[in-house]
Structures are given as structure tokens and as C-alpha cells.
Amino acid sequence: MIYETRMRSLVKTVIYRLWVIITTYAMLVVTGQDMADAIWPTVVINLVWMTSFYLYDRLWARIEWGRIGTR
């Protein structure tokens, strides 16, 4: 059986969230937010979404559907 470790899920989550944090911050600044004012919404929103994604990914790690191969 192929499975994903918790560390793999955590690394995937952090890398993905870093990308989203950068793009969220850039969008807020481009749309006219002051750079300093754009930081807190970016951080809070992404901490919540990062936690949600990690839990979502761990749930999918338990689902066998769509996996091919054995270990």
C-alpha cells in the first residue's frame, strides 16, 4: 500500500501556503491596500486555510480511491 506520511502532508501544506501568502499579499497591495495594512489579513487568512488544508490532506491520505501501486 502507498501512503503519505504526516511530514509529507505538512511540507506540502507549508509550501503551498507560502505561495498563496505571497499571491494574497500581492493582490491586496495591487488593489490599493497599504502594504502594512495588507499583512495582518494575509497572515490570519492563511493560517486558517493552512490548518484547513492540512486536515483536508490528512483525510485524503486515508482514502484509497484513485491510488495505484503497492508498497
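Colleague: Which residues does D57 touch, not counting residues up to four places away in sequence?

Modeller: This is a predicted model, in which local features need pLDDT of at least 70 and side-chain atom pairs count only at pLDDT 80 or more, while totals for chains, interfaces and linings use all residues. Residues are numbered from 1 along each chain as its sequence is written, and side-chain values use heavy atoms, with hydrogens and water left out. D57 lies in helix 2, where helices (H or I, at least four residues) and strands (E, at least two) are DSSP runs numbered from the N terminus. With contact taken as heavy atoms within 4.5 Å, and leaving out residues up to four places away in sequence, the residues that D57 touches are E4, S9 and K12.

Colleague: Is D57 buried or exposed?

Modeller: The classes rest on relative accessible area, with buried meaning under 20%, exposed over 50% and partly exposed in between (1.4 Å probe, protein chains only). D57 counts as buried because its relative accessible area is 9%.

Colleague: Which residue forms a salt bridge with D57?

Modeller: Side chains of opposite charge can pair when their charged atoms come close. The structure holds 1 salt bridge, a term that stands for a side-chain nitrogen of Lys or Arg within 4 Å of a carboxyl oxygen of Asp or Glu. The closest N and O atoms of the pair are 3.4 Å apart, and the partner of D57 is K12.

Colleague: How many residues apart in sequence are the parts that K12 and D57 tie together?

Modeller: K12 is partly exposed, because its relative accessibility is 29%. The salt bridge joins K12 to D57. K12 lies in helix 1 (residues 6-30) and D57 in helix 2, so the pair ties together parts whose separation in sequence is 45 residues.

Colleague: What separates the C-alpha atoms of R8 and R58?

Modeller: R8 has its place in helix 1, and it counts as partly exposed because its relative accessible area is 45%. Although R8 and R58 are 50 residues apart along the chain, their C-alpha atoms are separated by 9.9 Å.

Colleague: With which residues is T42 in contact, leaving aside its neighbours within four places in sequence?

Modeller: T42 is found in helix 2, and T42 counts as buried because its relative accessibility is 3%. A polar atom of the T42 side chain lies 2.6 Å from the backbone oxygen of A38. Once the neighbours within four places in sequence are left aside, the residues in contact with T42 are I21, T24, Y25 and L28.

Colleague: Which residues make the nonpolar surface patch of about 770 Å²?

Modeller: Patches are made of residues with over 30% relative accessible area and no salt bridge, like charges being joined within 9 Å and nonpolar side chains (Val, Leu, Ile, Met, Phe, Trp, Tyr) within 5 Å. I45, in helix 2 (residues 35-61), is partly exposed because its relative accessibility is 34%, and V43, also placed in helix 2, is partly exposed because its value is 32%. The patch of about 770 Å² includes both of these, and its members are I39, W40, V43, V44, I45, L47, V48 and W49.

Colleague: What is the radius of gyration of the chain?

Modeller: The chain has 2 helices and 0 strands, and its C-alpha atoms fill a box of roughly 50 × 15 × 15 Å along the principal axes. The radius of gyration is taken over C-alpha atoms, and the globule rule is 2.2 Å times the number of residues to the power 0.38. A compact globule of 71 residues would have a value near 11 Å, whereas the chain has 16 Å.

Notes: Accessible areas come from the Shrake-Rupley method with a 1.4 Å probe; for residues, only the protein chains shown count as cover. A polar contact is a pair of N or O atoms within 3.5 Å; within protein, one must be able to donate a hydrogen and the other to accept it, and residues adjacent in sequence count only if both atoms are side-chain atoms.
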